[in-house]
Amino acid sequence: MNKLSEWKHVFKLDPQKTLSDHDLQLILESGTDAVIIGGTDGVTFENVSDLFDRVQPYDVPCLLEVSDIEVIAPEFDGYLIPMVLNSREKKWMLDIHHQAVKEYGDIMDWDQMVVEGYCVLNEEAKVFKHAECYLPDEEDVLAYARMAEHMFHLPVFYLEYSGTYGDPELVKKITNELQHTTVVYGGGIRSSDQAEEMSACADVIVVGNVLYEDLDAALKTVSAAKNSNF
Ligand code: 1GP
């Protein structure tokens, strides 16, 4: 399962946050290519399943970004598995995954999994602290990107600026470098101008927080991403 390479725009829904049925309908009928359900904390089996049940009736692919092996609900269209490349601790890249495969390897559906090489670039993001990251410089990021493609053959390299708008030049440089690995950008997109700019730099953009702060602005990012000339 990797349609990600064909997508331009994805909304990320936080299961801990509230959305009315009406707002959810607008999101799911916005023309976005997919939704990801995921968050760094407060993610429970109940809130993930509840949100999935509300998304499922719509004709939009729904992926779960797995942040806790205990919170894997069935029936998603795919499962995103982050490997945090710029973590200082091996467990965020390897050990948690190893434990999960040891426990559930017999029943895992490998075709449903998309492993993401994660590179977290905002020191203020919850995930930065949670996954014990260090802040890589440009050369480091380029090296991680090359490792993701050429050493690990990962389908996705995720430039994660969650909560702040990133550096379009860096994103573009990374995307130009990678031929097979899909570059996903997420972080701080709050307007159609930003969506258009980052869509011209990355393969796929992910829009999260603004959904809960300014839904109209969030919805406008869809056409901006689709119309950008990458
Ligand atoms: C978060 O990359 C996504 O994982 C999107 O970031 O919430 O800042 O839009 P924002």
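Visitor: Over how many bridges do β7 and β8 pair, and in which sense?
Guide: This is a predicted model, and the answer describes that model. In β8, the bridge partner of G186 is V206. The pairing of β7 with β8 is in the parallel sense, and the number of bridges is three.

Visitor: Which helix lies between β7 and β8 in their β-α-β unit, and what is the hand of the unit?
Guide: The two strands pair in the parallel sense. Together with β7 and β8, the helix α7 makes a β-α-β unit, and its hand is right-handed.

Visitor: Which residues of helix α7 are buried, and why do they lie on the same side of α7?
Guide: Helix α7 spans residues 192-199, and its buried residues are A195, M198 and S199. They lie on the same side of α7 because they cover an arc of only 100 degrees around the axis. What covers them includes α6 (168-177), β7 (182-186), β8 (204-207) and α9 (215-227).

Visitor: Which residue of β7 stands opposite V156?
Guide: The strands β6 and β7 run parallel and are joined by five bridges. With α6, these two strands make a right-handed β-α-β unit. The residue of β7 that stands opposite V156 is T182.

Visitor: Is T182 buried or exposed, and what is its relative accessible area?
Guide: T182 lies in strand β7. Leaving aside neighbours within four places in sequence, T182 is in contact with L4, S5, P155, V156, F157, D203 and V204. T182 counts as buried because its relative accessible area, under the cut-off of 20%, is 4%.

Visitor: Which residue of β6 is the bridge partner of G117?
Guide: Strand β5 (residues 113-120) is mostly covered, with six of its eight residues buried. Five bridges join β5 to β6 (residues 156-160), and the two run parallel. In β6, the partner of G117 is F157.

Visitor: Which residue stands opposite G117 in the pairing of β4 with β5?
Guide: Strand β4 (residues 78-84) pairs with β5 in the parallel sense over six bridges. The chain crosses from β4 to β5 through helix α3 (residues 95-104), in a right-handed β-α-β crossover. Opposite G117 in β5 stands M83.

Visitor: How many aromatic pairs does the structure hold, and what is the angle between the planes of Y165 and Y185?
Guide: The structure holds five aromatic pairs. Y165 and Y185 form one that is edge-to-face, with 6.4 Å centre to centre. The pair links distant parts of the chain, 20 residues apart: Y165 is in the loop between β6 and α6, and Y185 is in strand β7. The angle between the planes is 70 degrees.

Visitor: Which is the relative accessibility of Y165, and which that of Y185?
Guide: Y165 counts as partly exposed, with a relative accessibility of 24%. Y185 is buried, and its relative accessible area is 0%.

Visitor: With which side chain does the side chain of Y134 make a polar contact?
Guide: Y134 lies in the loop between α4 (126-130) and α5 (138-151). Y134 is partly exposed, with a relative accessible area of 21%. Not counting residues up to four places away in sequence, Y134 touches N86, R88, V120, F128, D140 and Y144. The polar contact, at 2.8 Å, is with the side chain of Y144.

Visitor: Which side chain does a polar contact of 2.6 Å join to that of D33?
Guide: D33 lies in the loop between α1 (21-28) and β2 (34-37), and at 17% relative accessibility D33 counts as buried. A polar atom of the D33 side chain lies 2.8 Å from the backbone nitrogen of K8. The contact of 2.6 Å joins D33 to the side chain of K226.

Technical notes:
Residues numbered from 1 in each chain as written. Predicted model: local features only at pLDDT ≥ 70, side-chain atom pairs only at ≥ 80, totals over all residues. Heavy atoms only, no water. Buried < 20%, exposed > 50% of the residue type's maximum accessible area, 1.4 Å probe, protein only. Helix = DSSP H or I, 4+ residues; strand = E, 2+ residues; numbered from the N terminus. Arc of directions from axis to C-beta. Contact = heavy atoms within 4.5 Å. Pairing = 2+ DSSP bridges. Right-handed = clockwise from strand over helix to strand, strands pointing away. Polar contact = N/O pair within 3.5 Å; in protein donor to acceptor, adjacent residues only side chain to side chain. Phe/Tyr/Trp six-rings, centres within 6.5 Å; stacked < 30°, edge-to-face > 60°.
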